[in-house]
Amino acid sequence: MKESHPGLSEARDLRAGTVPWRAEDWRQRPADPLPRRRVDVAILGAGIMGAILAERLSARTAQVALFDRRPPGCGSTAASTAEIMWAMDVPMIHLARTHGEAEAARRWKRVFAAVRGLADRLDGQGIEGDRADRPTLYLAGSLLDERALSEEAVMHRRHGLPSRFHDGAAVAERFGISARAAILSEGGFEVDPVRLTHALLDRAASRGATISYPVDIAALEPDGEGVLLATADGRTVHARNVILATGYERPRLFLPPAFGLMSTFVIATPPVTAPLWRENAMIWEASDPYLYVRTNREGRIIAGGEDVGQSDEKARDAMIEARAGTIAAKLERLLGQGPIVIDRQWAATFGTSPDGLPAIGRSSLMPHVWLAAGYGGNGIAFAALAAELLEGELFGSSDPDAICFDPYRFG
């Protein structure tokens, strides 16, 4: 008996407001028709997660097909601040309390390796995306005070992660911001998220991958040694494997309820505002909620935070103006200067998890279906991780670290 799961993923208004990414980079390649033959891998979602997966998997097989309700990169990806960091929202010393230090370090090191692997892959293949290496400055706050931050830095270094503790005076002198203790880390970078998504999809398409939109995959059914995908308008596609990369439009029934949704808020200054601090460091706080800040190549300052634990679109959007003002005020205090002029402001839905780590792995609900949900605050870093782990699973070289990110680890 075939098992059907109608209403495969939620339909959400994922963002509101105006973002700073260049509109000329949003030109879309023509949509491909639905594949007539069975494909090796069907990826549901053509945002940054789907694009990173498609680029990597298309190097192993030309039979990759992506499907999305929207034009590629126009959902949550267009709202991403695209700070690609290996440091995670749940500090290592906190994760060590529940997993032990060795297991906490194992997870952090695996994410670090994925971030550096993505940087090397983008550079080695000449994939355009405005990638720029940046130091990361993690400031003391309500989550980790100066003493705890020093302990966190020691644990990083004990496990080979490139971090150093600096007291407030050293931070102020080197970076030209208010004096607060911080961990300075290397290995992070920034990108233009939409431009990178399109470049990755172009590379996958050059190898034979297809990108079909707007297409709403409404149901999946087991189909022998594969899966039958049914669209909302009654068409079908056959695939040997399906990867659910639907982002923050959660796949009903497949993604465990431990992975939830929140809302975040972001502002961007006019171009040529930056630099207002040194070294173009990506800055964030060990606080909840935390402020996160970076610059881009246009000289904009992009700052976000003031997260709220709900995902109702109307309530979220009504908060944009007030939250934008709060973010600007916090940024003025951090920099010791102002006023900060807001040129763009927006809100977006994003995903969370209890341990700050993603849901990557085989679905327990249906054979040949896989989850790639970058929930936890580091979406692009987790997309790189998902591409590595699922490549191994699909092509016969399972990664021993896959168990750390199993979607069902919370029982």
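This is a predicted model: local features need pLDDT of at least 70, side-chain atom pairs count only at pLDDT 80 or more; totals for chains, interfaces and linings use all residues.
View 1. Because its relative accessibility is 2%, below the 20% limit, Thr349 is classed as buried. A polar contact of 2.9 Å joins the side chain of Thr349 to the side chain of Arg316. Apart from neighbours within four places in sequence, Thr349 is in contact with Asp13, Leu14, Ser76, Tyr248, Leu261, Met262, Ser263, Ser311 and Arg316.

**View 2. Tyr375 in the loop between strand 18 and helix 9.** The loop that holds Tyr375 lies between strand 18 (369–373) and helix 9 (379–394). Tyr375 counts as buried because its relative accessibility is 0%. A polar atom of the Tyr375 side chain lies 2.8 Å from the backbone oxygen of Gly247. Asp355 is 20 residues from Tyr375 in sequence, and the C-alpha atoms of these two residues are 9.9 Å apart in space.

**View 3. Ala46 in the loop between strand 2 and helix 1.** Ala46 is located in the loop between strand 2 (39–44) and helix 1 (48–58). With a relative accessible area of 1%, Ala46 is buried. Leaving out neighbours within four places in sequence, the residues in contact with Ala46 are Leu66, Phe67, Asp68, Pro72, Gly73, Thr197 and Leu201. The C-alpha atoms of Ala46 and Arg70 are separated by 8.2 Å, and the two residues are 24 residues apart along the chain.

Notes: Residues are numbered from 1 along each chain as its sequence is written. Side-chain values use heavy atoms; hydrogens and water are left out. Buried means under 20% relative accessible area, exposed over 50%, partly exposed in between (1.4 Å probe, protein chains only). A polar contact is a pair of N or O atoms within 3.5 Å; within protein, one must be able to donate a hydrogen and the other to accept it, and residues adjacent in sequence count only if both atoms are side-chain atoms. Contact means heavy atoms within 4.5 Å. Helices (H or I, at least four residues) and strands (E, at least two) are DSSP runs, numbered from the N terminus.
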